[in-house]
Amino acid sequence: MGTSHSREGADLSDSDDYHSETEDRDDEEEEEEYEDVHYDAVERQETPQTTSSNRTIDEIDTKLKSLKLKYGDASSQGSGERRVKLYLHLGGNSPKAKWIVSEKSAPYAFVKSGGGGEDDEDEGGSSSGGGKKNSFWILRVGAKVRARVSTEMQLKMFADQRRVDFVDSGVWALRFSADEEFRRFVNEYHDCLFENVYGLKATEENKVKVYGKEFIGWAKPETADDSMWEDEEGGEEKFTPLRANQDLMEEFEEAANGGVHSLTLGALDNSFLVNDLGVQVYRNNQKGIHGKGICVSFDDRNSGSRLAKSTPKKGMLMRAETNMMLMSPMKDGNPHSTGIKQLDIETGKIVTEWKFEKDGTEITMRDITNDNKGSQLDPSESTFLGLDDNRLCQWDMRDKSGIVQTIGKASDSPVLQWSEGHQFSRGTNFQCFASTGDGSIVVGSLDGKIRLYSRRSLRQAKTAFPGLGSPITHVDVTYDGKWVLGTTDTYLILICTLFTDKDGKTKTGFGGRMGNKIPAPRLLKLMPLDSHSAGGNNKFHGGHFSWVTENGRQERHIVATVGKFSVIWDFQQVKNSGHHCYKNQQGLKSCYCYKIVLKDESIVESRFMHDNYAVSNSPEAPLVVATPMKVSSISLSGSKQQRSRG
């Protein structure tokens, strides 16, 4: 499939793009002002048809009315009925896409829902902020919109136009008549979102309760210290940026020979796809990865391993990329595993199965990763990290005497040694983790918290970021540990870990406790139209920085997958406090400037190849995109010369 241009700077001004089927040309001047920023078709080779251009307002209205939802009265939100102009976007990303005026003057309010009755009319319930159990705030606009206030709305604000766009079974826009009314709406939206997420009224006291005094800048970004973001802007490695008008070029696409589960990229000669048939081997080159026609089948029972009967969902390279550790879930829908199997890539055989045990008791692991960003290149590597819901540890494939365990029969699988780590009390709900270049560890949790652990101790986090309430499903970290990227279903969160200690030294949160001057994070989001067009499974997953394994090299881009899209952000641009995306924004700075790679089916994973494979004058190494049935290599530059490493 194809690639698309960035949404950044789109100048789309068809005179008939914004119209009502019933309104006349008296509104022409007002509509023309709106035209300058509306979403239109981005140049694509193929476009997902998730929004029908034939859907009428009446059909949507009928569907909403059929739900028979019960809503509280809006009277608690102030005296007088407030009105707004309501638009609906039709046609998705097709060339004929357009906005129409759904209602010229629609009443709107934030109301409580969750069962009806007098309690629903309360502005948040008791002084504790909980309100009625199971109740939540909804945005009601006219007869057409009933949207639960959440990050799933993908609400985007245009302060200079007194306008907000959002998703609710379609893409809608509200335009306000006055700046004061726009600001009031935005403030109420943030308050309702806070209460829906945390079950507490959005008071100053409750914000401190949720975020803590040190992180109050996360709730009030205007008070946060952004000096660390600004200091880093001028200190990065110079490179050719990804220009807004630069095409992404698909070098080649191949069939993957079976349902793909995961992508494991190598920094040396080969990369790998784990699919239903086994491990497919690919050759790395400067244009991407190319199939070698080699497959290590899981039906190879030479080892007699019982894990040969199950399909691994993840592969991790070790020992100079000559071995791969394969992790299989105990059952579908459950990510936990009681062991891993070790594949010798050179012989193509599964040489052993390892069990996870602690103090003689079999335990499970949710995930595994390398000790540090570059340890998979170490030929003597014998340890790796493990994570479970309440465990963080290091596993050692050698016995206590330091001798590699011999391979026994399948019925006598060797046991990995619990080298170090900690089993936490219930409630941490760890979900994902990643390591830096020096072996420090970042862990994401179900409650949205992100914890930083020093390589010297896995017992207590040096820093614990409160998060924004959404579960962290994936984390990554730069080689130098200065930046952490968390993935949630609806946005990516970029965190600066730098701080200045009492002696005036700049450190990261992995090496010491961050004080009161903690920078506010930045969010990476999709435009509402793109979010709606991404496909049925339109949740973010697998956000990654580009890949470097050397001091002094700088990650250049961020990539994440959502539905049929691979989305690419310029890392330097996101860090730039003067970036035009951040102008006139309220709340946390959110970046909407990105490029999209579009496929014809939901994407399994998107990863940049190792920095070794970036060519001269290129903004990045090739991007590899895996879908269940295909793997593609995307080039960000047409140059064929190897980039000088200086």
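These legends accompany several close-up views of a predicted model.

**View 1. A tilted ring pair, F540 and W569.** Welcome to one of the 17 aromatic pairs that the structure holds. The ring centres of F540 and W569 are 6.2 Å apart and the planes meet at 45°, so this pair counts as tilted. F540 belongs to strand β34 (residues 540-545) and W569 to strand β36 (residues 565-570), so the contact ties together parts 29 residues apart in sequence. If you are wondering about solvent, F540 and W569 are both buried.

**View 2. A second tilted pair, F545 and F571.** Here the ring centres of F545 and F571 are separated by 5.1 Å, with the planes at 55°, so this pair is tilted too. F545 sits in strand β34, while F571 is in helix α8 (residues 571-575); the pair links distant parts of the chain, 26 residues apart. Both F545 and F571 are buried. Keep an eye on the ring of F571 as you move to the next view.

**View 3. Charged ends over aromatic rings.** The charged end of K575 sits over the ring of F571, at 4.1 Å from the ring centre. Elsewhere, R163 places its charged end over the ring of F158, with 4.0 Å to the centre of that ring.

**View 4. The largest pocket.** This view takes in a pocket volume of about 1,700 Å³. Lining the largest pocket are 48 residues, and those nearest its centre are K314, D367, H474, H544 and E605. The elements that each give two or more residues to this lining are β11 (260-264), β15 (314-318), β20 (367-369), β24 (430-435), β28 (474-477), β34 and β39 (605-608). Sorted by class, the lining of the largest pocket has 16 nonpolar, 20 polar and 12 charged residues. Strand β34, one of these lining elements, is also the strand that holds F540 and F545.

View 5. Is C295 buried or partly exposed? C295 has a relative accessibility of 35%, so this cysteine counts as partly exposed. C496, with a relative accessible area of 1%, is buried, because buried means under 20%.

Methods:
Residues numbered from 1 in each chain as written. Predicted model: local features only at pLDDT ≥ 70, side-chain atom pairs only at ≥ 80, totals over all residues. Heavy atoms only, no water. Buried < 20%, exposed > 50% of the residue type's maximum accessible area, 1.4 Å probe, protein only. Phe/Tyr/Trp six-rings, centres within 6.5 Å; stacked < 30°, edge-to-face > 60°. Helix = DSSP H or I, 4+ residues; strand = E, 2+ residues; numbered from the N terminus. Lys NZ or Arg CZ within 6 Å of the ring centre and 35° of its normal. 1 Å grid on protein atoms, 1.4 Å probe; cavity = no way out; pocket = protein on both sides within 12 Å on 5 of 7 lines; lining within 4 Å. Points joined across faces, edges and corners; volume = space filled by probe spheres on them. Nonpolar A, V, L, I, M, F, W, Y, C, P; charged D, E, K, R; others polar.
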